[in-house]
Amino acid sequence: MKPTTQRSLILALLALLMVATRVNHWAPIPDASWAVFFIGGFYLRQWTRWAFPLLMALSVAVDYAVITGQGLSFWQHYCVSAAYWFLVPAYFAMWAGGLWVARNYSRSWRTLGLTAIALVASTMVCQLLSQGSFYWLSDSVANKSVAGWAANYFQWLLPYMQTAATYVGIAVVVHAIVASASKSTSAAADLTDKR
């Protein structure tokens, strides 16, 4: 399969995953958006200039459709404030984590460790930007304090990290299966050529 076809398929799958899970942030299947951007950074690094903005626009479009579909005004919704724009750098933090793993990728166990480090770091930065901006800029939070912000940050960090790690973990397993199958196919083709 050509690299462009592979990237197109991955982009389509990531977009589908985001739409399927983002429509209800509290559904039994958790929102995969943070993981989508991390995985996108890894697989779509050559397309960052347009794939990241495309996925970003898709996330906003899904939010808009869900909010207005409930008969509410998008700009007056609880989750939408001046802080909403901080999702761009927050999600780019996830994308950058995937980019970093891609730049340091090798078919070894070392990459798994780098992936874990990058995922933890990028999730912490993403949470800092998204939660911090909401806490400090949104009118939805009445009594603001550093202690209140820190408690809120850590209250939500672990659940978001677990969700992102689950989806990225699934992607790692799929990647390993596809890489192994590809390696087996190449070895079989080489064996056939030598006969």
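The model is predicted. Its chain has six helices and zero strands, so named by DSSP runs numbered from the N terminus. Helix 4 (residues 87-103) comes within 6 Å of helix 2 (residues 33-43), axis to axis, and within 11 Å of helix 3 (residues 48-69). The second largest pocket holds about 880 Å³ of space.

**Overall build**

- Read from the N terminus, the order of elements is α-α-α-α-α-α.
- Along the principal axes, the C-alpha atoms of the chain fill a box of roughly 75 × 35 × 30 Å.

**Helix 2 against helix 4**

- The axes of helix 2 and helix 4 cross at roughly 35 degrees, and the crossing is right-handed.
- On the helix 2 side, the residues that meet helix 4 are Ser33, Trp34, Phe37, Phe38, Gly40, Gly41 and Phe42.
- On the helix 4 side, the residues in this contact are Tyr91, Met94, Trp95, Gly97, Gly98, Leu99, Val101 and Ala102.
- By class, this contact of helix 2 with helix 4 consists of 10 nonpolar and five polar residues, with no charged residues.

**Helix 3 against helix 4**

- Helix 3 and helix 4 have axes that cross at roughly 135 degrees.
- Helix 3 is therefore oblique to helix 4, because angles over 145 degrees would be needed for roughly antiparallel and 65 to 115 for roughly perpendicular.
- This crossing of helix 3 and helix 4 is right-handed.
- Helix 3 contributes Thr48, Ala51, Phe52, Leu55, Met56 and Ser59 to the contact.
- These residues meet Leu87, Val88, Tyr91, Phe92, Trp95 and Leu99 in helix 4.
- The contact of helix 3 with helix 4 divides into 10 nonpolar and two polar residues, and no charged residues.
- Tyr91, Trp95 and Leu99 of helix 4 take part in the contact with helix 2 and also in the contact with helix 3.

**Second largest pocket**

- The volume of the second largest pocket is about 880 Å³.
- This pocket is lined by 25 residues, and the closest to its centre are Ile10, Tyr43, Val174, His175 and Val178.
- Helix 1 (3-22), helix 2 and helix 6 (146-194) are the elements that each give two or more residues to the lining.
- The lining of the second largest pocket has 18 nonpolar, four polar and three charged residues.

Definitions and conventions
Residues numbered from 1 in each chain as written. Predicted model: local features only at pLDDT ≥ 70, side-chain atom pairs only at ≥ 80, totals over all residues. Heavy atoms only, no water. Axes fitted to C-alpha atoms, helices over the stretch in contact; angles between N-to-C directions. Helix = DSSP H or I, 4+ residues; strand = E, 2+ residues; numbered from the N terminus. Left-handed = near helix turned anticlockwise from the far one by under 90°. Contact = heavy atoms within 4.5 Å. Nonpolar A, V, L, I, M, F, W, Y, C, P; charged D, E, K, R; others polar. Parallel < 35°, antiparallel > 145°, perpendicular 65-115°, else oblique. 1 Å grid on protein atoms, 1.4 Å probe; cavity = no way out; pocket = protein on both sides within 12 Å on 5 of 7 lines; lining within 4 Å. Points joined across faces, edges and corners; volume = space filled by probe spheres on them.
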